[in-house]
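Have the sequence and the model open as you read.

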Amino acid sequence: MDDKPDISNAWQALTKHCHQNSNLKIKDQFATYPERFSEFSLEAAGIFLDYSKNRITTETMRLLCDLAKAAEVSRHREEMFCGKEINITEKRAVLHTALRNIHDESTPESVLVKKELKRMADCVHSILGGKWSGYSGKLITDVVNIGIGGSDLGPAMAVAALQPYGNHIKAHFVSNIDSTHINETIKYLNPETTVFIVTSKTFTTQETLVNAITAREWLLNKAAIEKKTIEKHFIGITANPTRAIEFGISQENIFSFWDWVGGRFSLWSAVGLSIALAIGMDKFYEFLEGAHAMDKHFESAPLEENMPVILALLGIWNIDFLGAQAQAIIPYDQYLELFPTYLQQLEMESNGKRVCVDGSDVSYKTAPIVWGGVGTNSQHSFHQLLMQGTHMVPVDFIIPLQTHSPIGNHHLLLYANCLAQSQALMCGCGEEDVIAELKLQGMSKEQIHNLMPHKIIPGNVPSNTIVMDKIEPSTLGALIALYEHKVFVQGIIWRINSFDQWGVELGKRMASKLVPMLQGESEATGLDGSTQGLINLITCHPRA
């Protein structure tokens with residue numbers, strides 16, 4: 001599809017279909033079509049997706065698949081897996097899938113991956129087995145990952161999600177340049193038993209380097225021999241080993257980060273070393289295998305039966321045709337508490353774009369605002385807006401069938417709440433139901449008349465429910481890969497580049513220009529009145 005999607009025949013057919021079915025009620029569809037759940041659900045790579053609670057019919061899904069075919073999703077998918085330079089603005093391949101195809105040795109990239117995985121395994125076995133000790137000879141007990149963005153959000157989320165598989169190594173994560181973050185992390189750690197992993201593709205990222213220098217100073221203040229200390233307590237993960245060596249990290253402790261792996265898709269690489277240390281290398285391999293299973297499904301399944309494709313198409317339907325501007329992610333599992341935050345970067349940094357691949361402006365909505373929280377906490381936080389607010393917000397509910405913490409009937413109640421929320425969003429509570437309820441409570445006609453509008457819940461809010469047996473390395477890997485491929489498919493249909501992030505780079509450049517002004521090393525000139533005034537306010541007051 002060379003033209004913009006919204007002028008294609010497939011898009012126009014969906015627009016017409018949307019208008020013709022503007023009054024469609026999801027709950028009525030279940031009443032008229034008992035097989036709806038079976039038709040609109042599927043399973044792949046240990047993940048079950050129920051998408052029957054969407055404002056769709058069989059015809060809707062047929063037309064959406066026509067849109068995917070018109071966008072040549074299958075061809076673009078093949079180009080990604082084959083290593084074509086689909087990141088056109090940076091002239092890079094996008095091969096994060098090669099990171100988890102651990103049995104392949106048919107390409108130069110796969111050979112590099114296997115070699116680096118072997119080095120990771122040696123490192124993990126050395127630290128967990130006690131062969132790698134600190135400068136005083138004590139065994140390593142804590143690992144601090146210093147990074148930001150994809151070098152932090154993915155590993156931190158995965159380590160939190162896989163806590164039941166942990167060992168004696170405690171993993172910590174520092175990302176924010178706010179000194180409080182690193183200070184609160186290291187002040188209770190023992191420098192003799194702590195290893196720092198500095199993760200930066202360029203090894204020039206401001207936040208990461210500032211925090212790494214602080215960690216180095218903290219460590220050297222406690223140790224007697226500088227070279228020996230750095231060698232035993234610092235690991236670098238970068239595509240710029242020269243800068244890491246200049247920092248003081250030994251060549252043997254530097255792991256590769258290739259330019260064909262984007263930051264937010266990098267937790268499968270050596271960037272995931274903190275994950276491997278937290279759960280062990282065998283479990284890390286299971287994590288990769290789970291993602292690879294979803295890769296194989298995505299690569300081979302027909303579009304009509306392809307889970308990432310279906311999730312992507314439903315998102316486009318909700319955003320571009322039903323008018324949704326946001327997407328809520330609500331995992332009903334405490335271990336997945338950081339998953340919504342991780343998906344914020346994956347989706348909004350990837351597809352938060354307003355320009356097509358040819359440089360022209362888009363004329364339709366792209367990525368939604370992604371937000372969420374863990375259930376059931378979210379029910380007492382933002383579900384009121386989902387139920388009765390003025391914004392229609394589709395929801396992805398995520399829940400495992402089994403819990404790692406089987407206590408009493410906690411998980412049964414958790415499951416009941418998850419199902420009830422998706423049911424309530426769909427069914428709502430109409431005027432007749434409210435009147436009947438209030439009559440049972442013995443209220444007068446006047447009381448009912450006054451209270452009724454406040455209790456009506458419109459319903460008809462779309463949702464997906466994603467289920468797996470248990471949150472374990474393989475299912476977590478498959479779940480992450482599911483959303484990665486969803487983002488890719490949406491980018492193809494929207495004709496945007498999902499793999500650059502120039503908006504992020506602008507803020508970095510502007511901050512670098514302001515630092516000398518704030519330090520008094522250069523005159524603050526040529527600024528807008530607000531920035532100028534705030535600099536004056538800041539420089540006139542002590543920072544500590």
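Val144 stands opposite His172 in strand 4. The pair belongs to a predicted model, in which local features need pLDDT of at least 70, side-chain atom pairs count only at pLDDT 80 or more, and totals for chains, interfaces and linings use all residues. Residues are numbered from 1 along each chain as its sequence is written, and side-chain values use heavy atoms, with hydrogens and water left out.

**The sheet**
- Strand 3 (residues 142–146) and strand 4 run parallel and are joined by 5 bridges; strands are DSSP runs of E, at least two residues, and helices are runs of H or I, at least four, both numbered from the N terminus.
- An open sheet of 5 strands has the order 4-3-5-6-7, with parallel pairing (two strands pair if DSSP finds at least two bridges between them).
- At the edges lie strand 4 (170–174) and strand 7 (254–256), each pairing on one side only.
- From one strand to the next, the twist averages 20° (angles run from 0 to 180 degrees between N-to-C directions, and axes are lines fitted to C-alpha atoms, for helices over the stretch in contact).

**A helix on the sheet**
- Helix 8 (residues 179–186) packs on the sheet and touches strand 3, strand 4 and strand 5 (194–199) (contact means heavy atoms within 4.5 Å).
- The direction of helix 8 makes about 165° with that of strand 4.

**Two crossing helices**
- Helix 14 (residues 307–321) and helix 20 (residues 473–494) have axes that come within 8 Å and cross at roughly 55°.
- Among the residues that meet are Leu311 and Ile319 in helix 14, and Tyr483 and Trp494 in helix 20.
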